[in-house]
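Me: I'd like to learn how to read aromatic rings in a protein model. Could you walk me through it with an example?

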Amino acid sequence: MKSKFTLFFLIFTSTVLLFTPFGLQSQTDSLSNQRAFHWNVLYTGDLVSNFDGGIKTGTMYLGLANLKFGLDFEKAGWWNGGKLSVNMANTHGGQPSLALVGDFQGVSNIEAGNLTFLFELWYKQRFGSVIFTLGLQDLNVTFATTENGALFNNSSFGIQSSIADNIPTPIFPLTGLGAMIEWEINKDFSVHTALFDGTPDDFENNPYNINWKLSNDDGYLTVCEIQIHKSLIKDLPGTYKIGGYFHEHNDNTVMEQENGGVYFIADQTICSQGNSNLSLFSQIGFSPKSKNNHNHYYSLGLNCTGIFGRLNDIAGLAVAYAGIDNNAVGSETAVELTYQLQLNKYIYLRPDIQYIINPAGTDLKLKNALVGFLRIGIKI
């Protein structure tokens with residue numbers, strides 16, 4: 001049953017944001033740091049061509065639009081440490097993995113079909129070194145994320161497929177209700193833990209992601225991550241993360257379904273010269289083989305900023321391996337080469353090419369696929 005509180009909260013939030021006396025200000029405006037309320041409009045578009053292999057060759061377009069609102073209660077003069085965030089989204093266009101490539105990991109991290117939905121709605125409160133967040137959240141904003149991997153289009157470099165495929169994970173496009181605690185022990189060490197709805201309703205039963213309900217059958221998802229912000233190479237930035245997760249829910253056949261896993265993530269700058277930086281990243285994940293066909297995952301990537309004398313451009317090369325057992329197709333490897341051209345502070349272009357070895361998203365043995373992208377990103 002649709003929550004009356006949810007609808008009231010949405011209406012109240014929208015009204016406050018639109019009619020606040022503090023003014024509505026774009027995040028990119030130089031005055032936004034003094035404003036209690038801010039907003040962003042973001043658009044990401046992919047022109048994707050499958051040149052060879054996979055299901056079939058062809059070209060399609062897909063896009064993602066986001067409208068974000070934020071309220072800082074401290075800047076509004078109400079109370080310290082409080083923040084509210086609303087993120088609404090629309091996805092549209094084709095589905096290249098489903099229709100063209102047939103890959104398992106997802107060549108485009110914005111592929112979701114044609115949807116309009118509430119992506120995030122949460123309140124965050126800081127008490128000294130401890131931060132509490134409650135509401136509709138994307139797990140991948142805080143957990144299992146790599147800063148350098150965010151450059152790439154393939155979904156596995158956002159959150160490793162050994163997590164996203166094996167359990168109902170509250171990530172794009174379908175987020176879930178959750179409560180999170182972050183403890184910043186010192187500048188080098190922090191602990192993050194969260195409890196989420198174990199089985200958020202899918203878009204068929206919850207088309208706009210505003211029909212929230214919790215039940216015993218949904219179970220729960222808990223995740224904990226330790227973050228170490230300390231370099232292994234002197235004076236060069238480095239971040240290391242160790243995490244684990246556990247999921248439990250009930251269904252109509254077996255009362256208790258339990259699953260989980262562990263992961264490790266590293267981001268490390270290895271060389272800095274002038275305005276250029278060279279950084280490595282890696283993701284490693286394991287889950288029980290007895291419960292998961294996809295039970296191990298590895299990635300390795302290299303990013304270079306300031307290439308060709310362009311300070312804001314980034315080039316990257318990365319490999320993701322999804323280890324899959326007990327299926328007719330086998331494991332899949334994705335190799336991605338990308339270059340982000342920052343045209344100005346609002347717009348970037350990202351030509352990108354991926355080679356998918358043994359696409360494993362169907363029950364058929366497919367030829368290796370060669371996929372080309374042109375991504376555009378806009379933020380105002």
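This is a predicted model: local features need pLDDT of at least 70, side-chain atom pairs count only at pLDDT 80 or more; totals for chains, interfaces and linings use all residues.

**Reading aromatic rings**

Me: How do I describe two rings together?

Reply: A pair of aromatic rings is described by the distance of the centres and the angle of the planes. This structure holds 14 aromatic pairs. Take F127 and F132: the ring centres are 5.9 Å apart and the planes meet at 70°, so this pair is edge-to-face, as planes over 60 degrees apart count that way.

Me: What kind of pair do F286 and Y298 form?

Reply: F286 and Y298 are edge-to-face, with 5.9 Å from centre to centre and 80° between the planes. This pair links distant parts of the chain: F286 sits in strand β12 (residues 276–286) and Y298 in strand β13 (residues 294–305), 12 residues apart. F286 is partly exposed at 40% relative accessibility, and Y298 is partly exposed at 35%.

Me: Which residues form one aromatic cluster?

Reply: That cluster is made up of F73, W78, W79 and Y123.

Me: Which residues form the nonpolar patch on the surface?

Reply: The patch consists of W183, I185, F189, I226, I228, I242 and F264, together showing about 560 Å² of accessible area. Strands β7 (176–186) and β9 (220–228) are the elements giving two or more residues to the patch. F264 lies in strand β11 (residues 257–273) and is partly exposed, at 31% relative accessibility.

Key: Residues are numbered from 1 along each chain as its sequence is written. Side-chain values use heavy atoms; hydrogens and water are left out. Rings of Phe, Tyr and Trp (its six-membered ring) pair if their centres lie within 6.5 Å; planes under 30 degrees apart count as stacked, over 60 as edge-to-face and the rest as tilted. Helices (H or I, at least four residues) and strands (E, at least two) are DSSP runs, numbered from the N terminus. Buried means under 20% relative accessible area, exposed over 50%, partly exposed in between (1.4 Å probe, protein chains only). Patches are made of residues with over 30% relative accessible area and no salt bridge: like charges are joined within 9 Å, nonpolar side chains (Val, Leu, Ile, Met, Phe, Trp, Tyr) within 5 Å. Accessible areas come from the Shrake-Rupley method with a 1.4 Å probe; for residues, only the protein chains shown count as cover. A salt bridge is a side-chain nitrogen of Lys or Arg within 4 Å of a carboxyl oxygen of Asp or Glu.
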